[in-house]
Amino acid sequence: MPFFVHLPKATFTTSLPQRCIGHSRTTRRLLALGRFQSQRGFFSRTLKSTKTLPTKVPLELRPIFALGQDKQHMEHYLERTKKLEDRIPTAIKQSSSDTSGGSYKLHWTERPRTVLIVKKPNNQGTEKALIDMVSWLHEKYPDMNIVLEPSVADFMQHRFPFVYVIPEGYIQEYSRAVDFIVTLGGDGTILHTSSLFEGPVPPILSFSMGTLGFLIRFSIKDYQKALDQMIAGDVSMLLRMRLLCSVHSSNGERIVWNGVKTGDYLAMNEVNIHRGRYPHLAQIEIKVNGRHLTHGVSDGLLVATPTGSTAYSLSAGGPIVHPSVKSILLTPICPRSLSFRPVLLPTDTALKLQLSDSCRGNSDITVDGREICMLPKGGYLNVCMSPYPVPCVNRLGEASDWVRDINELLKWNQNFGQKSNLLQNDETEAEKLEEQSLGFHYTIDRSKQLK
């Protein structure tokens with residue numbers, strides 16, 4: 001019998017490191033057990049680094065168009081990420097000249113070798129799903145390299161000593177080595193995953209284990225079938241646009257916040273400039289491609305993507321935009337003027353949002369809900385379309401998914417107590433489409449219908 005069975009409970013609950021706080025009881029006990037066994041020499045505490053992994057395999061997406069941005073901010077960003085892109089065989093891009101609507105068919109030129117699995121933190125359901133998924137992947141695809149985030153791999157390595165982690169300070173390794181991503185959680189998990197990639201993002205296969213799941217396409221009970229299709233390349237994808245943002249002081253220099261110079265930030269949902277703790281309205285000078293558009297006075301201003309149109313922008317009165325309709329949303333938050341309404345701008349637009357010197361206070365800057373810094377008077381944001389979208393794997397087809405989501409999740413245009421007739425009428429059709437996507441084809445016997 002293993003000796004650790006006789007250990008008292010105190011062995012598992014005392015002297016836990018600070019990172020354990022907030023984890024579930026199961027996670028804390030696993031981590032404590034791992035630390036106890038490590039001290040006895042059962043396994044090494046050194047996690048395997050992804051720097052030893054090969055570069056991601058090439059993939060094909062059709063159609064792919066050349067980048068069409070021609071702005072100083074974009075040129076600076078592309079120059080900074082060029083070295084990273086040169087090391088990547090296929091960088092999934094998107095441009096303002098792309099007329100495909102953002103939908104693509106994925107084809108691997110060879111079988112993918114490395115997968116990154118990102119889970120919702122502090123959740124027992126995602127912990128169990130992660131264990132089941134990693135075990136199944138390692139058994140069926142033993143040559144598949146599995147990458148976990150450091151905080152997860154740290155307490156899972158006693159069970160999965162074969163997993164890899166990205167070394168601290170080498171975030172570019174995500175773009176270099178990872179072929180595709182699996183997320184276990186909700187929409188927030190996808191937003192977090194997007195923030196890990198400052199350059200090209202690999203295809204994301206998401207499983208619903210969160211609260212809303214507006215961006216989620218698969219049920220966790222079908223993960224084996226979905227992963228088989230993903231590895232085989234038998235999936236379609238929707239390229240969800242991202243925004244590129246930088247924050248500057250009045251002299252044009254990057255703002256320094258908490259002793260660190262701010263960099264470039266990518267938003268999958270929205271960039272938000274808000275008056276925050278100050279009681280007075282924010283006064284924002286808005287320029288489009290260098291030309292004055294308006295002087296907005298409001299609680300704040302949102303610059304959102306079509307994906308973000310169903311998030312904060314929708315609550316602020318913005319329109320619902322299909323994710324294939326490439327556009328940039330400009331949505332005021334509680335404006336003083338009733339005529340200050342949301343507008344949609346083309347994706348080749350370069351926005352400059354400058355806080356007026358006549359403001360009585362500073363404004364908070366957040367990107368996808370993450371606090372970035374405080375914008376002082378005279379400071380400004382540069383915002384434009386990022387060339388690197390988030391490729392999300394679809395379940396049935398991006399149009400069907402979107403129609404079902406706004407009816408089932410958002411209850412769009414439904415009266416109180418009303419059940420969507422569209423969902424009832426389309427349920428059979430959706431099931432047939434899903435079966436066809438798995439390779440099954442059904443025929444209808446008209447003669448039986450007539451009888």
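Predicted model: local features only at pLDDT ≥ 70, side-chain atom pairs only at ≥ 80, totals over all residues.
Q: How many salt bridges does the count come to?
A: Side chains of opposite charge can pair when their charged atoms come close. The cut-off applied here is a Lys or Arg side-chain nitrogen within 4 Å of a carboxyl oxygen of Asp or Glu. By this rule, the number of salt bridges is seven.

Q: Which residue meets the side chain of Arg-111 in a salt bridge?
A: The N to O distance of the pair is 2.7 Å, which is within the 4 Å cut-off. The side chain that meets Arg-111 in this salt bridge belongs to Asp-143.

Q: How far apart in sequence are the parts that Arg-111 and Asp-143 tie together?
A: Arg-111 lies in the loop between β3 (103-108) and β4 (114-119). Asp-143 lies in the loop between α4 (124-140) and β5 (145-148). The pair therefore ties together parts whose separation in sequence is 32 residues.

Q: Is Asp-143 buried, partly exposed or exposed?
A: Buried means under 20% relative accessible area and exposed means over 50%, with partly exposed in between. The relative accessible area of Asp-143 is 49%. Asp-143 is therefore partly exposed.

Q: With which residue does Asp-264 form a salt bridge?
A: The closest N and O atoms of the pair are 3.2 Å apart. Asp-264 lies in strand β14 (residues 264-267), and its partner in the loop between β11 (243-248) and β12 (256-257), so the pair ties together parts that are 10 residues apart in sequence. The partner of Asp-264 is Arg-254.

Q: Is Arg-254 buried or exposed?
A: A residue counts as buried under 20% relative accessible area. Arg-254 has a relative accessibility of 18%. Arg-254 therefore counts as buried.

Q: In which strand is Asp-299, which forms a salt bridge with Arg-275?
A: The closest N and O atoms of Asp-299 and Arg-275 are 2.7 Å apart. The pair links distant parts of the chain, 24 residues apart, with Arg-275 in the loop between β15 (270-274) and β16 (282-288). Asp-299 is in strand β17 (residues 291-304).

Q: What is the phi of Asn-413?
A: Most residues other than glycine have a negative phi. Asn-413 is found in the loop between α10 (398-408) and α11 (421-437). Although Asn-413 is not a glycine, its phi is positive, at about 60°.

Q: Is Asp-368 buried or exposed?
A: Asp-368, in the loop between β21 (363-367) and β22 (370-375), has a positive phi of about 50°. Its relative accessible area is 12%, and the cut-off for buried is under 20%. Asp-368 is therefore buried.

Methods. Residues numbered from 1 in each chain as written. Heavy atoms only, no water. Helix = DSSP H or I, 4+ residues; strand = E, 2+ residues; numbered from the N terminus. Buried < 20%, exposed > 50% of the residue type's maximum accessible area, 1.4 Å probe, protein only.
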